[in-house]
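Please look through the chain and its ligand before reading on. The report is meant to be read beside the sequence and the 3D view.

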Amino acid sequence: MSQCPFHRQPSAPPPPKPVVAAVDPTAELAFLDEVYPAGIEPERRTRLEAAIAAHQAAPLTSKELTWAGRIAWRNHSRCIGRLHWRSLIVRDHRGIEAPDAIAESLREHLTLAQNDGTVSSYLTVFAPAECAGGPAPRIWNAQLCGYAGYRGPGETILGDPANAPFTDLALQLGWQRPKHPTAFDLLPWIISGRDGQPQLFPLPQGLVREVPIHHPEYSWFEALGLRWYAVPVIANMRFRAAGTDYEASPFNGWYMGTEIGSRNLGDTHRYNLLPLIADRLGLDRRRSRTLWQDRALLELNQAVLHSYAAAGVKMVDHHTASEEFIKFRDREASHGRAISARWDWIVPPMSASATRVFHTPMSEFATTPDFHYQPAPAYPR
Ligand code: ARG
């Protein structure tokens with residue numbers, strides 16, 4: 001008989017049958033060889049293996065958890081910035097599961113990560129589920145910072161279309177949008193604890209550092225009123241370490257310029273700003289061969305890099321990031337480690353062939369520890 005309260009609740013509908021991936025304890029614990037070069041104590045290994053076999057949270061020490069976090073970053077196939085994996089600071093908050101306390105910890109995480117512009121990489125690990133398939137605390141936001149996407153007349157959206165469904169949910173839960181909504185209104189946090197019930201946490205004024213976007217040469221650019229937040233803190237992925245899934249485990253690096261300049265502000269399904277910028281530049285949009293899109297992209301990316309530098313907020317350009325990735329790959333090879341990488345994620349979304357990663361074949365394979373996508377929490381529960 002399971003001791004998990006989730007399975008004992010008489011009134012709750014039967015839980016969906018947990019899909020517990022067949023985990024191989026040996027593979028799950030292999031990362032500990034790096035933590036203990038002289039070898040892990042056999043007794044300790046046996047204890048951890050037993051926890052994994054019983055689908056219980058592995059009782060890692062904070063030091064082991066730190067290394068699991070760093071190696072998860074090093075393993076993550078979509079990340080171009082992995083050269084810096086050793087700099088990750090891991091906050092062991094496995095004892096925290098209540099939404100209030102999680103929100104408080106998230107405010108700290110953001111402040112520490114922003115670090116007055118000298119962005120530092122952090123991972124905060126909250127409590128895992130008490131048993132396989134049981135409810136774990138969750139952060140419902142995709143990232144700790146994000147701009148609302150308000151549905152307007154017809155198909156129009158004011159703000160970030162990627163966040164329209166989340167904005168709907170926040171409003172449904174009682175979030176009061178500003179009196180005068182703009183395209184850059186920061187979203188509140190939605191957090192659930194062990195009961196799965198989403199709770200709303202509006203952000204305190206001044207918590208999120210933002211950067212107004214202007215252009216080094218075109219003075220009209222500033223009047224477009226574009227801005228972006230300083231640090232991307234991914235909040236919806238699950239961190240797998242030693243067979244345990246941490247569903248609330250926000251982590252951050254720093255931005256590469258193209259993430260904002262090409263994708264967030266440029267994609268047609270996001271802020272879709274290329275036509276507007278091309279018009280300001282006086283380009284002919286009737287024919288694609290005028291390369292109006294490419295020229296608009298270039299100026300937008302230039303503006304983003306320039307603005308973050310001017311604001312003193314750390315950001316890497318895609319050429320530097322590409323060189324750093326190659327250095328990372330070579331360093332890993334010198335340690336006898338092949339790297340798992342996805343070419344379609346690593347190659348930057350502009351001037352791809354001018355970067356070395358474009359000319360580098362890559363392959364992806366399963367790794368552990370790692371960060372994974374997970375289904376969005378369901379509402380209402
Ligand atoms: N691409 C996402 C964004 O634009 C952020 C993903 C993580 N990026 C990073 N540099 N760590 O917000």
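This is a predicted model: local features need pLDDT of at least 70, side-chain atom pairs count only at pLDDT 80 or more; totals for chains, interfaces and linings use all residues.

Residues are numbered from 1 along each chain as its sequence is written.

**Overall form**

The chain holds 12 helices and 16 strands, where helices (H or I, at least four residues) and strands (E, at least two) are DSSP runs numbered from the N terminus. Its radius of gyration is 22 Å, close to the 21 Å that the globule rule gives for 381 residues, so the chain is as compact as a globular protein of that length; the radius is taken over C-alpha atoms, and the rule is 2.2 Å times the number of residues to the power 0.38. Of the 381 residues, 40% count as buried, that is, 20 or more other C-beta atoms, placed from the backbone, lie within 10 Å of their own.

**Paired strands**

Strands pair if DSSP finds at least two bridges between them. The elements discussed here are these:

| Strand | Residues |
|---|---|
| S1 | 89–93 |
| S2 | 122–126 |
| S11 | 238–241 |
| S12 | 244–246 |
| S16 | 370–372 |

S1 and S2 run parallel and are joined by five bridges, with His 93 standing opposite Phe 126 in S2. Five of the five residues of S2 are buried, so this strand is largely enclosed by the rest of the structure. Tyr 122, Thr 124 and Phe 126 point one way from S2, whereas Leu 123 and Val 125 point the other way.

An open sheet of three strands has the order S12-S11-S16 with antiparallel pairing, and S12 and S16 are its edge strands, each pairing on one side only. Three bridges join S11 to S16, and Phe 239 has Phe 371 in S16 as its bridge partner.

**Surroundings of the ligand**

Around the ligand are Pro 232, Ile 234, Gly 253, Trp 254, Tyr 255, Met 256, Glu 259, Ile 260 and Asn 264; a residue is near a molecule if its C-beta atom, placed from the backbone, lies within 6 Å of it. Strand S14 (255–256) and helix H8 (257–264) each supply at least two residues of this shell, and the largest share, three residues, comes from H8. By type, the shell divides into six nonpolar, two polar and one charged, with Ala, Val, Leu, Ile, Met, Phe, Trp, Tyr, Cys and Pro counted as nonpolar, Asp, Glu, Lys and Arg as charged, and the others, Gly among them, as polar.

Technical notes: A residue is buried if 20 or more other C-beta atoms lie within 10 Å of its own, exposed if 12 or fewer, and partly exposed in between; C-beta atoms are placed from the backbone.
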